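Visitor: Please show me the model, and tell me what stands behind the terms used for it.

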Amino acid sequence: MVRDRMQRAGYAEFRAPAVSRMETVAPAGWLERFGSELLRLQEPFSSHILAATSEEPLLSFVGRGGLTSHRQLPMRLFEFREIFRFRDRAQGLYNSRQFACCLFVSLDADHAGYLNSARHAQRAVRSVLDALDLRAEHVSDESSGGFEFVFPYERGDRPRSRTIPYHRNPDRPRTEDDDTPQGGLAMGYRYEHVEAFGVGFRNADNVLRTPVMGTYGIGMQRLLIALLEQHAASAGIAFPACVRPFDVAVLPADGSPRVLEAAERVYEELSARGLDVVLDDRANLRLPRRLGLADGYGVPWRVVVGSADAESGQAELRRERGGPAAPGRVTLAELVDILSARHGEEVHMTREHSDVLRMA
C-alpha cells in the first residue's frame with residue numbers, strides 16, 4: 001500500500017544493494033561516529049560495509065551521472081530498506097535498532113524548491129495515514145521544512161518537544177502538552193551532506209551547482225503499532241481493507257469429506273474471482289474457535305459450509321462479530337455476486353472508543 005501511494009505521489013522507486021563500499025558512507029561521517037557498530041565484511045570484501053541508512057547509497061548513485069541538468073529537478077525517489085538506528089540498546093518493536101523503513105528523498109535547485117518538495121512529502125505521508133485511517137498529529141516548521149507525524153502512544157519517544165521542528169527552533173512557543181509521550185510515524189528534514197558526495201547539476205546558465213536535498217522516512221513497524229493501537233476492537237484488530245490479510249474466510253463446519261469438498265469449491269470459485277480469501281480447514285480447531293480467529297484477524301466476511309450445505313449447494317454467509325446483518329444462506333452464485341460487490345467494505349467491529357480512528 002505504501003509503495004502504491006508513493007508512486008501515485010510521483011516518486012520513482014530506487015533499489016540499491018544492502019552492502020556498500022566504505023567510500024559510499026564515509027562522506028557523511030558515519031565511519032568516524034559509528035564505525036565500530038556497523039557490520040563489516042572480511043576479505044576479500046573488507047572494503048564493504050552494511051549501509052546504515054539510504055541517503056548515502058542514493059547520493060553515491062546520483063553523483064555518478066544520475067543527475068546532470070537542472071531540467072531533471074525536482075528529482076523525487078523512494079526506497080524500502082532495513083536501516084539502523086543509533087541508540088544504545090533496543091527498546092522493543094517500536095524502538096528496535098534495525099527496522100524497515102520507506103525512505104524517500106527530494107533533490108531541488110534551491111531552498112525554495114526544497115520547501116515545496118517538503119510540503120509535497122508531507123502530503124504523501126498524509127495520504128498513507130488517510131488510507132490506513134490513522135489519527136496522527138502533524139508538527140512542522142515552514143522555514144526549515146522539517147516535520148514529523150506523531151500519534152498518541154504512552155510508550156512513545158516523540159512528544160512534540162522532541163520533534164524536529166521544536167529541535168530546530170528553540171524559541172518555538174511551548175505548552176505543558178508538548179511533553180506528553182507520543183509515537184513517531186514519519187519525519188523529514190533537509191539533508192546537509194550533499195556537497196561532500198560531489199553531487200552537482202548544471203543550471204540554466206551552465207554553472208555547476210549543488211542541489212538541495214530533503215530526506216524523509218515512514219517507519220513500517222511504527223505504522224503497524226499505530227494500527228494495533230488505534231484499530232483494536234473487542235474481538236481483535238479491525239484492519240483497514242487495504243492492509244487486512246483476507247476479505248473472506250471459508251470455514252467448513254466439520255471435517256467430513258463432503259463438507260471439505262464443498263468448502264474447497266467455494267474457496268476456488270471466490271479465488272478465481274480475485275477475492276482475498278482463506279480456507280480455514282484446520283481439523284484441530286472447532287468452528288467457534290475458527291470464527292473467533294477470523295474476528296481477531298479482522299476478516300469481515302466468513303462463509304460457513306455445513307453438511308446440509310454440501311447437499312444443497314448453498315452456504316451460510318456471516319459478517320464479523322458486531323457487524324451488520326448478513327444475508328444468511330445463499331447459493332454459490334449469489335455468494336459470488338454479493339462478495340464481488342462488497343468485499344472491500346471496512347470492518348465494523350465494535351470499538352470501545354469509536355473516535356480513535358478519526359484524523360486529527
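Predicted model: local features only at pLDDT ≥ 70, side-chain atom pairs only at ≥ 80, totals over all residues.

Guide: Residues are numbered from 1 along each chain as its sequence is written, and side-chain values use heavy atoms, with hydrogens and water left out.

Visitor: What makes a set of residues the largest nonpolar core?

Guide: A nonpolar core is a set of buried Ala, Val, Leu, Ile, Met, Phe, Trp, Tyr and Cys residues joined through side-chain atoms within 4.5 Å; buried means under 20% relative accessible area (1.4 Å probe, protein chains only). The largest such set has 33 residues, and Phe 104 and Leu 129 are among those with the most contacts inside it. Its largest share, 8 residues, comes from α5. Another core, of 25 residues, lies apart from it and includes Phe 14 and Met 213.

Visitor: How do you know that β5 and β11 pair?

Guide: Two strands pair if DSSP finds at least two bridges between them; strands are DSSP runs (E, at least two residues), numbered from the N terminus. Here 8 bridges join β5 to β11, and the two run antiparallel. In one of them, Val 105 is partnered by Thr 215 of β11.

Visitor: Why are β1 and β6 called edges?

Guide: The open sheet has the order β1-β4-β5-β11-β8-β7-β6. β1 and β6 each have a single partner strand, so one side of each is left without a neighbour in the sheet.

Methods. Helix = DSSP H or I, 4+ residues; strand = E, 2+ residues; numbered from the N terminus. Buried < 20%, exposed > 50% of the residue type's maximum accessible area, 1.4 Å probe, protein only.
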